[in-house]
2 protein chains.
Amino acid sequence: MNYPNGIRKEKLIKKKEDIVYKNRGMNLENDINETNQYYQEKEIAFIYKKPTPIKLVKVDYKKRKINEAYFDMPSTTDYNGIYKQKYIDFEAKETINTKGFPLINIHKHQIKHIRNIYNAKGICFLIVRFTKLNKTYLLLAKDFINYIDNVKKTTIPIKYFEEKAYMIKDKFIPRVDYLEIIDNVEDV
Amino acid sequence: MNYPNGIRKEKLIKKKEDIVYKNRGMNLENDINETNQYYQEKEIAFIYKKPTPIKLVKVDYKKRKINEAYFDMPSTTDYNGIYKQKYIDFEAKETINTKGFPLINIHKHQIKHIRNIYNAKGICFLIVRFTKLNKTYLLLAKDFINYIDNVKKTTIPIKYFEEKAYMIKDKFIPRVDYLEIIDNVEDV
């Protein structure tokens, strides 16, 4: 169809904005999903993101259509699967905060879950991306729980990440190669 | 409040019907969820049902409200977690069929997933309840895949379950003690 130039431009701009908006805060998730897909294709690991829990209110089951629902609180972490015959489990979060990671991002149930998996000797950790610092860290469950149990603060300072966590370097393929770090950590 | 006897009775009956309706086709899922909760409380295993995948169409993010969405096809199995440091993964299905388990109940992606987890040496199986026969079986991934690869039929006959699968006896607590079977199977 032929639109006057002006309209076409506006449409293009709108679309670009949409894309930027859509990606905002989703980069880490996309990077991890791509990484997991790479691991699957190479048969290195089978790790999936769990669907977001939803509380259904109005459903038309014949059409398989949901007319009213609400986002629910997750009781576990977002990602889990199998790596080298072991159970692996982690949560991934982005923050624009430059001084630390606000603990409000992890719910009580999730902390309990991380503690359970750590006690059950699963491979368990957080991946935290500080978007403004352009840094992504892997913090092992033991160090995360240690902080929570011993320091009564609402934010884990960036210094704690610098000291205890492992930096995940950006790569082309796979994007966020967190298993490389797990391979090199002696005491997961 | 005081209602005439007649109304109170009708209300009670309605409630009973609701419960029966609610449980129809959900018994196995409820039994497994209760069993998993028992395992969690006793710190035996941490196994969760994944949320149902949803395709979002119209969302009011401010209110965290979903105004239009559709049920999506699951690409993995419904349950996974950790048991004795190992990755455990299974699908649970009920059928009213008395002659066998129709394979239409398991999607292609799920079969691929079961194959992947089996190859990666995870503990992987199906729990199938034949509601009209009042029997619940645990069929190991290897026997499930063996059937699919070698027999070109659309239903796994009940005889195959009787020969290859393990019957899960009804218990009071936990309801569906599938880990008891895993403990006693030599070659998972």
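## Helix α2 of chain A

Among the elements that cover the buried residues of α2(A) are β1 (45-49), β4 (79-83), β5 (86-95) and β7 (123-130) of chain A, where helices (H or I, at least four residues) and strands (E, at least two) are DSSP runs numbered from the N terminus. The structure is a predicted model, in which local features need pLDDT of at least 70 and side-chain atom pairs count only at pLDDT 80 or more, while totals for chains, interfaces and linings use all residues. Residues are numbered from 1 along each chain as its sequence is written, and chains are lettered from A and ligands numbered from 1 in the order in which they are written.

Helix α2 (residues 27-41) of chain A has 15 residues and reaches 21 Å from its first C-alpha to its last, close to the 21 Å expected at 1.5 Å a residue; the expected span is 1.5 Å times one less than the number of residues. Its buried residues include D31(A), I32(A), T35(A) and N36(A), a residue being buried if 20 or more other C-beta atoms, placed from the backbone, lie within 10 Å of its own. These residues cover an arc of only 135° around the axis, which puts them on the same side of α2(A), the arc being that of the directions from the helix axis to the C-beta atoms. After α2(A) comes E43(A), with a positive phi near 55°.

## Helix α2 of chain B

In chain B, the end C-alpha atoms of helix α2 (residues 27-41) are 21 Å apart, which agrees with the 21 Å that its 15 residues should span at 1.5 Å a residue. Here D31(B), I32(B), T35(B) and N36(B) are the buried residues, and they fall within an arc of 135° seen down the axis, so they line one face of α2(B). Their cover includes β1, β4, β5 and β7 (123-130) of chain B.

## Where the chains meet

The contact takes 26 residues from chain A and 26 residues from chain B, two residues being in contact if their C-beta atoms, placed from the backbone, lie within 7 Å. On the side of chain B that touches chain A, β3(B) gives the most, with 7 residues.

Strand β3 (residues 65-71) of chain A runs antiparallel to β3(B), and 4 bridges join the two; strands pair if DSSP finds at least two bridges between them. Within this pairing, A69(A) has I66(B) as its bridge partner in β3(B).

Key:
Buried ≥ 20, exposed ≤ 12 C-beta atoms within 10 Å, placed from the backbone.
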